[in-house]
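Hi,

Here is the structure I promised to pass on.

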Amino acid sequence: MKIAIMGAMPEEIAPILQQLKDYTTTSYADNSYYEASYHGVDLVVAYSKIGKVFSALTAATMIEHFGATKLLFSGVAGAINSSLKIGDLIVATKLAQHDLDITTFGHPYGYVPEGSVYIEADQALVELSKRVAAGIGVNIKEGTIATGDQFIANETKKKWIQDVFAADALEMEGGSVAVVCKALNIPFFILRSISDAADMDAGFNFDEFLQSSAHVSAEFIMKMVDKLGN
Ligand code: ADE
């Protein structure tokens, strides 16, 4: 078994690389991939760069080139659900692309022919995350994550995403990683820790909390890796 762990930004995988200590670095397709064995599990780790295109490329590369058989995403998100506070963890049960729009042709937002509005994350990994959370006394919330190539810092846009997709959080990579993993039949899991509330303070809060929230998410992901190795 080889597990892919990806983030979008350097800050999102830095705590993971720090924990691995020893890893090899390979340059491929204009990106760096870090490989290591951790507690008996083979890992490939990378950050994709921000957005749906780069994250799809990285996910596909980790699977097709590096041979990953499961994919875990670790990173930060903007909260939509008001119960989510900065530093809280949200596990995606399903994901959608909020910026995908061919409604002109009578389709719902987030839909293209032969696709689906929502893609579900792997249930076994979601269940594992619940057992891990219970074991270490950490609260996680399950919910819907909406993805788009936009940093949302606007109450009106946030409310629109909430209304149209019933989303609890939003970010810029999960939905595209889900498309790739579903197409390639690879179980995937998307974890995010809240960095901001996608409101007018989002830019400031993101800068302030990116590192600490990314750390919360990465730490939890490594607890899951420990369990996947057993
Ligand atoms: N990731 C973290 N916060 C975000 C926001 N407000 N919009 C998009 N992606 C994010």
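Strand E5 gives the largest share of the shell around the ligand, three residues. (Strands are DSSP runs of E with at least two residues, helices are runs of H or I with at least four, and both are numbered from the N terminus.) Before you go on, keep in mind that this is a predicted model, where local features need pLDDT of at least 70, side-chain atom pairs count only at pLDDT 80 or more, and totals for chains, interfaces and linings use all residues. Residues are numbered from 1 along each chain as its sequence is written, and side-chain values use heavy atoms, with hydrogens and water left out.

So what sits around the ligand? There are 13 residues in the shell, and the closest are Gly 78, Phe 151, Ile 152, Leu 170 and Asp 196. By class, eight are nonpolar, three polar and two charged. (Ala, Val, Leu, Ile, Met, Phe, Trp, Tyr, Cys and Pro count as nonpolar, Asp, Glu, Lys and Arg as charged, and the others, Gly among them, as polar.)

Now for the ligand's nitrogen atoms. One is 2.6 Å from an N or O atom in the side chain of Asp 196. On the backbone side, a ligand nitrogen is 2.8 Å from a polar atom of Ile 152, and a ligand nitrogen is 3.3 Å from a polar atom of Gly 78. The ligand taken alone exposes 260 Å², and the protein buries 97% of that (Shrake-Rupley method, 1.4 Å probe).

Next, have a look at two helices. H2 (residues 52–64) and H5 (residues 174–183) pack at an angle of about 30 degrees, with their axes 8 Å apart. Those axes are lines fitted to C-alpha atoms over the stretch in contact, and angles run from 0 to 180 degrees between N-to-C directions. Their contact (heavy atoms within 4.5 Å) includes Ala 56, Ala 59 and Ile 63 of H2 and Val 177 and Val 180 of H5. By class, this contact has seven nonpolar, two polar and one charged residues.

Last one: which side chain does Lys 2 join in a polar contact? The partner is Glu 35, at 2.8 Å. (A polar contact is a pair of N or O atoms within 3.5 Å; within protein, one must be able to donate a hydrogen and the other to accept it, and residues adjacent in sequence count only if both atoms are side-chain atoms.) Lys 2 lies in strand E1 (residues 2–7).

Cheers

Key: A residue is near a molecule or strand if one of its heavy atoms lies within 4 Å of it.
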